[in-house]
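Here is a brief report on selected local features.

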Amino acid sequence: MNWRAIIYVILLVSLTVVKALPRSYRDTEEKNSIGQRFSQLQENNFKAIAMIMFAQYVQGGTFGKAVKMAEDVTDLAKRCAAVARDNPDCLKPLDRIFLDTICQEENLPRFTDCCVKKDPERNDCFLSLKNSSSGFISPFERSNVEAACKNHSQHQHSLTAYFIYEVSRKHPFLYAPTILSVAIRYDEMMKNCCRSADDHSHNLEECFQRQALKVVKPVTEDGLRQEHTCGILKKFGERTLKALKLAQISQKFPKADFVTVNKLVMDVANMHKDCCRGDMLDCMRDREEILHYVCTNKDILSSKIKKCCEKPLLQRSECIVNAENDDKPADLSPHIREFIEDKGICERFAQEKDTHLARFLYEYSRRHPEFSAQMLLRIGKGYEDLLKECCKTGAPDDCCSRGEEELKKHIYETESVMKTSCDIYKEKGDYYFQNELLMSFTKKMPQLTSAELIKFTKQMTTIGSKCCQLSQDKLLPCAEENLDLVLGEICRRHLTDPINPGVCHCCSSSYALRRPCMGKLEIDENYVPLSLTPGLFTFHEDLCTTEEEKLQHKKQEMLINLIKYKPQITQEQLTSVTAAFTAMRERCCKEENCEACFVKEGPELIKRSEKMLSA
C-alpha cells in the first residue's frame, strides 16, 4: 500500500469528487451503497478514509488492526462495485458496515455493550466512547531525533501512515482532510529537518521544535473547535447550535439578507450533525458544498472573502472562518425599534415564534459586530423572555419598553467584567494573573487536580494576553468566544467525571448563560478540605532552581493545595503565608546544604502557617 500516493490522491481528488457523494442518512439505498462510494472515491481514497474512521472509532486498537479493518471493508466495497451490488451486505448504509466490521473483530471488549444495540443507538453508543482527552500525539520523538530521522528514511510511507493513524485516534472528532493535510506537513517537516542529519552543524532538535508548531497547531485548534461544537449540539440541541451559527454568520455577512443567512445556518447545522455523528463522508461533502455556495455568492455575501475563495480547497474553510466581518451596509439603521414598538409583535410571536426570534437575532447581530456571539444569544433569550411576559393578557402597555433598560444593564455588566479582567491582567502580568484565576477556580472547583487547574487557568491567561491588547470593539468577541472554548472543555471534563453541583448547573442549564454562571460560582460549600498530611506540603532543594518557569509551577501547586486545605483563606492570610514561605526559601537557598535547611525549616513553616490560618 503506497500511503504517500494515498495521501496526495485523496487531497487532490476526493475533495472534488465528494460533491457528488450521496447522503447516507437521507438518500435511497442504491445511492447509499458501499459500491457506489467505492467507485466515486477509488480504492486508495476509500482505504485512507476507512483507516481514519476505524482509528477514530477504535482508539485503543493497534495500527495493524486499523489497517486490517480498512482493508476488509475496502475488499467488500471492491466486490460490491464490481459484480455483487445486489448482495444484501452491499446495500447496507456505509456507517452500518463500518460498525459491523468493528463488532466482528475479536479482542475489542470495550465495545461489547455498543455492539448489542440496534442502529442508530449503536452509532450513538460508539460516539459516546470517543475520547480526545489524551491529547495530541507528538509528531516526533524528541528524546532521539537522530533515530527518528533514520526511521523516516527507511520507512517513509509506513511512518506517515502510522502518523495518520495516531492523529486520528488521538483526535476522534477531527475532520479527515485536516488529518491528511497535517500528514503532509509532518512528512515535509521530517524531510526538511532530516535532510541535513549528517551535518553536525545542523541542530536537529531546534529544527523539529521550530517546525512542529505548523504540524500541531491545526490539529489542536480544529480538534478542540469540532469537539466543542459537538458538545453544544449534544448537550443543548440543534436549536441552540442554529442560534449560535445565526449570530456568527449574521455578524460575518451583515449585507446578506435573512433568507440567505438562514440557508447558510441550516446547511452549517446539518454539516455539524453529520460531522458529530461521525459520518465522515457526508461531513466532507457538506463542508465542500457550503464552501462552494459561499464562494459562488461571495459578491453578495462579503467583500472580505475574495482572497479566501482563491485559495486551495483545504485552506479555504479556515480562511473564511478567520476572515474579518464585512462592513455593515451604509443604510443600516442603528436601532431595530420595530421589534419593540410594532403593534403586531405578539401576534407574529404567537404564529411563528422561532422565525420571529431568528429575525430579531439576525437584525441585532448584523448591527453589533462588537458583541460576542454568546452575548447576542443572551440578548436573544432576553427578548424571548420579554415577549413571553409582555404578550400575556393584561400586560401593561409599556411592558416591552422596560426590556430596553434590562438590555442596557446586561451590556454594561458584561463589558465591565471584561474590562476589569483586562485591567487586572495588564497590572499583574501572566504569572500573577494566573494565580488570581487559580485562587478563584480552586475555590469553585476544588475537585479538579492541580494539573487540570493549572492547565485551564493557563489557557485563560493566554486569552488575556491575546485579547486585552485589542481595541474595545474587538475585545468582547475575542475574550468571550475563546473563554467559551475553555469552559466547554471544563464541562466535557465534568461529563466524564462530575466536578460538583454548581459546575453541573452551569454546564447544563443554558449555553448562553454558561460564562456568567461560572463567574458567579463561589466556594463549593460541600467540599471537604484536604487534611494536613505530611506529604501535602513538602519543601526540597529543587525550590532553589534558577529556571523561573519550573519554580512558578511548584509555587502554583503549593497555592492550589493551600486553598484546598483552607478554602476560606482570606487575602491577608494568604499574603502572610506567602511572605513566610518566600523568606524561608531565600534563607535555605543561601545555605550550602539547601536540602538539610528545608528539612529543618519546612515543618516549622507549616506550624507557623497553621497559626496564621486559624487566627
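Axes are lines fitted to C-alpha atoms, for helices over the stretch in contact, and angles run from 0 to 180 degrees between N-to-C directions. Helices (H or I, at least four residues) are DSSP runs, numbered from the N terminus. This is a predicted model: local features need pLDDT of at least 70, side-chain atom pairs count only at pLDDT 80 or more, and totals for chains, interfaces and linings use all residues. Residues are numbered from 1 along each chain as its sequence is written, and side-chain values use heavy atoms, with hydrogens and water left out.

**Helix pair.** The axes of α20 (residues 373-390) and α21 (residues 399-444) come within 10 Å. They cross at roughly 155°. The two helices are therefore roughly antiparallel (angles over 145 degrees). Contact (heavy atoms within 4.5 Å) involves residues of α20 including M375, R378 and L386, and residues of α21 including G403, L407 and H410.

**Two buried residues.** Buried means under 20% relative accessible area (1.4 Å probe, protein chains only).

| Residue | Location | Relative accessible area |
|---|---|---|
| D279 | loop between α12 (258-277) and α13 (280-296) | 7% |
| Q556 | helix α26 (residues 548-565) | 4% |

UniProt places the feature "binding site" at D279, in an unreviewed entry. Such annotations may be inferred rather than shown by experiment.

Technical notes. Buried < 20%, exposed > 50% of the residue type's maximum accessible area, 1.4 Å probe, protein only. Parallel < 35°, antiparallel > 145°, perpendicular 65-115°, else oblique.
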